[in-house]
Amino acid sequence: MSAHARPAWMEKPRPLTQAAKAVALVAVVLLVCVPFLVILSTSLASPEEVVDNGGWVLWPTEPTVQAYRDILDGGIVTHALGVSAGVTVVGTLFSLFCTVTLAYALSRPGVFGGRPVLILVLFTFLFPPGMIPSFLLVKELGLLDSYGSLIFPVLINVFNLVVLRGFFQSIPDELYEAARLDGAGDWRVLWSVVLPLSKAALAVVGLFYAVAYWNSWFYASLYLESDHWPLQQVLRTYVVAGSGLTDTATSEGTVNAPQTVQMAVLVIATVPILLVYPFLQKYFTKGVLTGAVKS
Amino acid sequence: MAAVVRERAGTEAVTPSSRRPTGAFRSRKRFQNRRSGSRRSRALFLLMLPGLGYFLLFHYGALAGNVIAFKDYVPFDGIWGSPWVGLGNFQRMFQDAEFWDAVLNTLWIAVLQIAFYFPVPLALALLLHTLTWTTVRRFVQSVAYLPHFISWVIVVALFQQVLGDTGLVNGYLGDAGLSTVDIIGNPDAFRPLTVAQVIWKDAGWGTIIFLAALSQVDEQQYEAAAIDGAGPWRRFWHVTLPAIRPVIVLLLIMRLGDILSVGFEQMLLQRDAVGPEAAEIIDTFVYYQGMVGGDYGFAAAAGLFKGVIGALLVYAANKVAHRLGEQGVYK
């Protein structure tokens with residue numbers, strides 16, 4: 001695990017090549033990080049400083065968390081944050097349960113109807129049902145304006161299912177046989193043998209679901225009334241489309257919330273992703289994904 | 001292909017449990033008899049039901065709802081009670097100039113993405129692969145993957161903040177006394193902008209598959225080539241490139257098969273600002289005709305048209321991949 005491991009046959013890189021590489025790498029890192037820094041700095045600046053500087057601040061002179069106080073003090077954003085958190089947690093649990101059970105059943109040989117079900121599932125990958133029929137179905141099921149409409153239509157992601165199924169199949173048969181000899185039924189084998197061995201795969205799939213639920217806004221715009229919107233849809237309406245946060249947005253009753261408040265909403269919508277990202281990152285290296293991507 | 005997974009599961013999990021009594025092997029035959037019993041299958045079948053129910057209802061149920069494309073949808077009568085209009089919706093669609101504009105726009109943006117986005121992850125992967133300093137490499141990888149997990153809403157908002165009229169770039173240009181750039185909300189700049197957004201969001205993530213392919217290249221081939229006097233460029237040309245060519249070809253073919261899809265959320269978020277001439281794609285056409293205009297049958301026809309052609313293209317792309325001896329996505 002030495003940091004500088006250059007094989008003996010490889011020639012020493014020329015300084016010019018080295019410099020070009022370094023510039024490219026720094027550029028990549030800056031291109032990703034600077035936009036986030038601008039958002040964060042602007043959200044922490046005072047509204048006056050932002051106006052003086054023409055709409056953005058790279059380094060606030062007198063940092064203040066007033067913008068965060070305003071939006072977390074009750075009002076649209078606070079409510080939307082609760083909706084997003086709730087849908088993410090409940091949705092991820094439902095999705096994990098249904099994905100794990102189906103993936104496990106499909107990973108065992110000889111289950112009744114296993115082959116047709118697998119084909120049925122993979123076909124949906126090739127031919128999604130389409131926006132209009134999906135909307136009409138949600139409507140006919142009476143799910144309109146319920147939080148269930150954000151969860152049930154996207155309950156299982158085929159890619160996640162295939163990842164988990166592949167992982168379950170990779171567990172050596174001897175383990176299944178040993179557990180069954182000890183008298184464990186299929187549910188028991190799943191719970192006590194398979195799941196404990198699949199923690200890394202479950203973490204990746206669970207985090208994928210959580211990120212998807214957290215980032216979702218389109219279904220909310222289709223299915224929900226505006227007072228039930230999650231954070232991303234609120235962000236889309238008030239920041240991206242520029243409707244301006246109206247008087248109900250903050251408890252202060254500001255009309256057309258200042259730039260600082262808009263940027264604070266943006267930060268709050270991003271932070272959970274940044275928080276779970278190191279965990280996701282940790283599991284990439286375990287090869288769960290590279291294995292799945294390749295298969 | 002899932003060898004990596006298997007290896008991990010093998011090394012981490014099996015060792016402690018394989019010390020169990022060897023009885024497991026002796027009574028294997030008896031066990032197999034019991035395993036084929038129907039009780040086992042029934043328990044597994046029950047486990048399958050929640051997920052199966054989901055796919056039947058929300059995919060196949062919705063898929064059946066595509067009959068609406070052949071009807072004039074009347075909300076009061078519902079999907080099944082609305083009157084049939086045969087291929088009327090499709091005839092209207094084929095004569096609709098806005099529909100063909102949307103198709104052309106979709107193809108244009110897709111072609112631009114293939115030309116200008118597709119090579120970026122490859123180049124970035126090659127760059128990352130040459131790094132021998134693992135700490136730096138891991139760090140850059142982590143940073144580059146991150147935008148993939150950021151929602152399109154946030155990505156579009158970030159681009160507005162950086163490139164907009166009052167954004168970072170124009171702020172600096174204005175301060176320096178240079179002319180400012182008009183990018184956000186400008187229909188002429190929209191196509192390059194969407195490509196830039198896709199590069200920012202997904203180029204890092206896209207390196208994963210190339211890096212996986214690069215890591216499979218036998219180190220000894222490089223060594224042998226170097227001993228034979230091949231410099232870095234010749235090693236790249238004669239060892240690296242042939243090794244990852246199958247992955248490149250496969251990804252390119254699959255992207256071509258998916259040519260009717262360009263980021264729906266990305267376009268929808270920006271369509272109002274730049275107008276339909278620049279930003280209307282097939283998916284947003286369906287959305288505006290159906291969800292905004294209430295013309296469900298017509299919109300569903302456009303959606304179904306895209307679905308059928310798209311599925312055929314993906315299927316064809318997969319066949320081509322097989323013909324070229326690659327693995328394909330569907331077996």
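Into which domains is chain A divided? Chain A splits into domain 1 (24–64) and domain 2 (69–294), with bounds from an automatic or database domain assignment.

This is a predicted model: local features need pLDDT of at least 70, side-chain atom pairs count only at pLDDT 80 or more, and totals for chains, interfaces and linings use all residues. Residues are numbered from 1 along each chain as its sequence is written, while chains are lettered from A and ligands numbered from 1 in the order in which they are written.

**Inside chain A.** Eight residues of domain 1 of chain A are in contact with seven residues of domain 2 of chain A. Contact means C-beta atoms, placed from the backbone, within 7 Å. On the domain 1 side, α1 (15–44) and α2 (47–52) of chain A each give two or more residues. α1(A) gives the most, with four residues.

**Chain B.** Chain B has 18 helices and zero strands. Helices (H or I, at least four residues) and strands (E, at least two) are DSSP runs, numbered from the N terminus. Of its 331 residues, 37% are buried, that is, with 20 or more other C-beta atoms within 10 Å of their own C-beta, placed from the backbone. Among contacts in chain B with a separation of 6 or more, 64% join residues 24 or more positions apart.

**Between the chains.** The contact takes 91 residues from chain B and 94 residues from chain A. Helix α4 (residues 38–64) of chain B supplies the largest share of the chain B side, 17 residues.

The two sides below are split by class.

Terms used: A residue is buried if 20 or more other C-beta atoms lie within 10 Å of its own, exposed if 12 or fewer, and partly exposed in between; C-beta atoms are placed from the backbone. Two residues are in contact if their C-beta atoms, placed from the backbone, lie within 7 Å.
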